[in-house]
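I opened this notebook to record what I looked up in one protein model.

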Amino acid sequence: MLLFDKEKSIFLYNCITLPASWKGEYEDRWYPSTNQEENSFFVKLKDPPNGNLNLVFEFVIHINRRKKPLEISCGYAMIE
């Protein structure tokens, strides 16, 4: 998850990574861990720069290609 400043059109920083799995037979579904502690998060900003911050979920697949780790961004969803 990331924070995005809509007014400046910039990503501020990566907040947290939540593990999930993906299956080829259901290519449009992501399966988060069933461990509730692993899937819990809380975002609190002491002094937000403005009212234009959005929470962004980025969907990334981690694979090994030719014995080297590779991250592939598959898309994102934004909460305004």
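The entries below treat the strand and its partners, then the pocket.

Conventions. I worked from a predicted model, in which local features need pLDDT of at least 70 and side-chain atom pairs count only at pLDDT 80 or more, while totals for chains, interfaces and linings use all residues. Residues are numbered from 1 along each chain as its sequence is written, and side-chain values use heavy atoms, with hydrogens and water left out.

Entry on β1. I looked up strand β1, residues 2–5; strands are DSSP runs of E, at least two residues, numbered from the N terminus. Leu2 and Phe4 point one way, Leu3 and Asp5 the other, and all are buried (under 20% relative accessible area, 1.4 Å probe, protein chains only). In a regular strand, side chains alternate between the two faces of the sheet.

Entry on partners. I noted that β1 runs antiparallel to β2 (residues 10–14), joined by four bridges; strands pair if DSSP finds at least two bridges between them. Asp5 stands opposite Ile10 in β2. The hairpin of β1 and β2 has four residues between the strands, and Ser9 takes a positive phi near 55° there. Four bridges also join β1 to β5, again antiparallel, with Phe4 opposite Asn54.

Entry on the pocket. I recorded that 21 residues line the largest pocket, with Thr17, Leu18, Glu58, Phe59 and Val60 nearest its centre. A pocket is an open set of points on a 1 Å grid over the protein atoms alone, where a 1.4 Å probe fits, with protein on both sides within 12 Å along at least five of seven lines; lining residues have an atom within 4 Å of a point. Strand β5 gives the largest share of the lining, six residues.

Technical notes
Buried < 20%, exposed > 50% of the residue type's maximum accessible area, 1.4 Å probe, protein only.
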